[in-house]
Amino acid sequence: MSKVFRVLIGLCVVAACAAAGLWGTQEILSQGGSGEAASAPPAMRVELTRPETRQIEDRVSGVGTLIPVRSVELVPAAAGRVTGVPVSSGEEVTEGEIIVQLDDRAARAALAEAEATFAEAEDAFRRVEELTDSNAAAEARLEEARAAYRRAEAALMMARADLEDHTLVAPFDGVLGLIDIDTGTFLGEGMAVTRLSDISTMELTVSLPERYFDRIGVGQAVNVHTPAYPQAEFAGEVTVRAPEVNLETRSFNIRAEIDNADGRLVGGMFADAEIVLDTYEGLAIADDAIISEGLASYVYTVADGAAVRTEIEPGQSLGAMTEVREGLDLEDRVVVAGWDNLTDGASVEVVEEVDESGEAASQGDAEANTQ
């Protein structure tokens, strides 16, 4: 009896040990499973946006320097001492207005002498001509009188021109540059007095890449901007397109004229010219969503709660947005904030999603939209 009792006790001990071992194994497995769960990375919190449809202008731009459509240096045709400067620097003048007057006393005396000589030669020629008509004078004498008359006429014309050369006048309407001469200054032959510029119309020369050669033509509209007036836009049009492409730069020049009736633009200003070649409808995405690495550009889209690296082909800049030519559709959900540590396939948690109207949806709404 005692032997049977001892066997029963042994069996109970073995059963208890087996139960304890089974419980320990389950506990260890349970702890191992929770450790693995704890080591899984948490979902990344992100904000989403969607591509938008925009009207996009295909345009080409270039830079250049504005110059007046007409601008000349005013140089007296004769040397002499200045007796008058009736204008001042920067003054607007009209065609024919006197800019500088030189001492012309000698020229006036020469003109008076030439006029007297001409009158004398003319009278002699007329008398000989009348006598020849009545056969009272020889033909040879008539030719001599005619020659003397013509020489006197030529001398008179030269005297008048010399007198005119002592007065420097404006050849067209315009604005004067700086004038640094005063009465009494002696001007030598070829010495410039100032510059006269017609700024009613300005001209801009711009160099463009050869791929645009067949898309640019005379008469196309040009929008011009200059740092002097950052908020203003000036309208012009193409007046000349170079007939060939430069072999060294593979570019060609165009010239555009800009109306400047108000005189705001002046020569020497730096200007940026834009020509709109075409207008079309395309997709655009916020600049903050685009990631650039070298020559590659991509965004992260979200599908089934995971981030997807999506290569894109960016186009033109549209302010705070950029055109996307390839890689996205209107329905795509694009990460606009929180992509700093994202990787392809990473789990994401949507904090906020901005729809096409620009309104932000709550996290619950965003999750409901994905279901």
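Start by selecting strand E4 (92-93), E7 and strand E9 (194-209): each supplies at least two residues of the lining of the largest pocket. Strands here are DSSP runs of at least two residues, helices (H or I) of at least four, numbered from the N terminus. A pocket is an open set of points on a 1 Å grid over the protein atoms alone, with protein on both sides within 12 Å along at least five of seven lines, and lining residues have an atom within 4 Å of a point.

Before going on, note that this is a predicted model, where local features need pLDDT of at least 70 and side-chain atom pairs count only at 80 or more, while totals for chains, interfaces and linings use all residues. Numbering runs from 1 along each chain as its sequence is written, and side-chain values use heavy atoms, without hydrogens or water.

Stay with the pocket: it holds about 190 Å³ of space. Now pick Glu-92, Val-175, Asp-198, Ile-199 and Ser-200, the closest to its centre of the 13 lining residues. E9 gives the largest share of the lining, four residues.

Next, click on Leu-178, in the loop between strand E7 (174-176) and strand E8 (186-187). Leu-178 is exposed, at 66% relative accessible area (exposed is over 50%, buried under 20%, with a 1.4 Å probe and protein chains only). Show its contacts (heavy atoms within 4.5 Å): beyond four places in sequence, Leu-178 touches Ser-89, Val-193 and Thr-194. The C-alpha atoms of Leu-178 and Val-193 lie 8.6 Å apart.

Finally, zoom out: the protein chain has four helices and 21 strands, and 32% of its 371 residues count as buried.

Key:
1 Å grid on protein atoms, 1.4 Å probe; cavity = no way out; pocket = protein on both sides within 12 Å on 5 of 7 lines; lining within 4 Å. Points joined across faces, edges and corners; volume = space filled by probe spheres on them.
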